[in-house]
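Student: I would like to learn how to read a sheet and its helices in a model. Where do we start?

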Amino acid sequence: MAGDASPIPPCTHRLQRTGRQTWLAFRGLPIFANLAKKGETAPMKNPRSVAPTLTPVVLSPKARNATGLHLIGDLYGCLCDSRLMHDAQFLEQFCKARVAAADLTSVGSLFHSFGEGGGVTGVVVLAESHLSIHTWPESGYVTLDVYVCNYSTDNRPKAQKLFDDIQAAFNPADPHLHRVERA
């Protein structure tokens with residue numbers, strides 16, 4: 001690439017057409033764009049010559065309706081029912097019951113046990129976003145993550161209830177909690 005001033009390394013981008021929309025994959029990530037002129041076809045030999053004819057689609061912060069709340073917990077010194085730390089099926093049913101009690105909507109879940117004496121990792125996918133949890137019984141440590149978006153209604157109180165209920169069940173001696181407002 002000597003003498004080439006382009007910031008785009010070779011072989012990391014490609015142009016694709018899907019109907020009336022064109023996208024450029026850069027380093028494996030799609031960058032969506034509309035064609036500059038309706039019906040314009042882009043040359044495919046040199047993607048660098050195509051990129052300037054694309055107009056990026058960027059949403060301004062004002063255009064976003066979906067804000068969110070991300071609650072994160074590192075729970076140290078958990079003294080709780082050992083099934084919460086070791087039993088994937090028990091933890092999954094517990095989390096799904098807490099989701100329902102918080103009036104959030106579960107659309108799927110997956111929990112995995114790491115065998116005898118090992119911990120559990122799991123996620124409940126919510127219509128509003130997700131809950132994830134990971135246990136380390138040998139250390140009495142749990143990570144808890146609840147994220148909700150607020151597209152059609154403010155789900156912050158529901159997320160807080162879910163987070164608080166699960167945290168209380170693990171009874172951590174030293175919880176490290178973070179609250180991130182997403183905009």
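Tutor: We take the sheet, then the helices, then the backbone angles. This is a predicted model, in which local features need pLDDT of at least 70 and side-chain atom pairs count only at pLDDT 80 or more, while totals for chains, interfaces and linings use all residues. Residues are numbered from 1 along each chain as its sequence is written, and side-chain values use heavy atoms, with hydrogens and water left out.

Student: In what order do the six strands of the open sheet lie?

Tutor: Strands (E, at least two residues) and helices (H or I, at least four) are DSSP runs, numbered from the N terminus. Two strands pair if DSSP finds at least two bridges between them. Here the order is β6-β7-β8-β9-β5-β10, with antiparallel pairing.

Student: How many bridges join β5 to β10?

Tutor: Between β5 (residues 68-78) and the antiparallel β10 there are 10 bridges. Asp74 stands opposite His176 in β10.

Student: Which strands does helix α4 lie across?

Tutor: Contact means heavy atoms within 4.5 Å. Axes are lines fitted to C-alpha atoms, for helices over the stretch in contact, and angles between N-to-C directions run from 0 to 180 degrees. Helix α4 (residues 156-170) lies across β5, β8, β9 (141-149) and β10, at about 5° to β5. Helix α3 (residues 88-101) lies across β6, β7 (120-126) and β8 (129-136), at about 155° to β6.

Student: Where is Asp103 found?

Tutor: Asp103 is in the loop between α3 and β6. Although not a glycine, Asp103 has a positive phi of about 65°.
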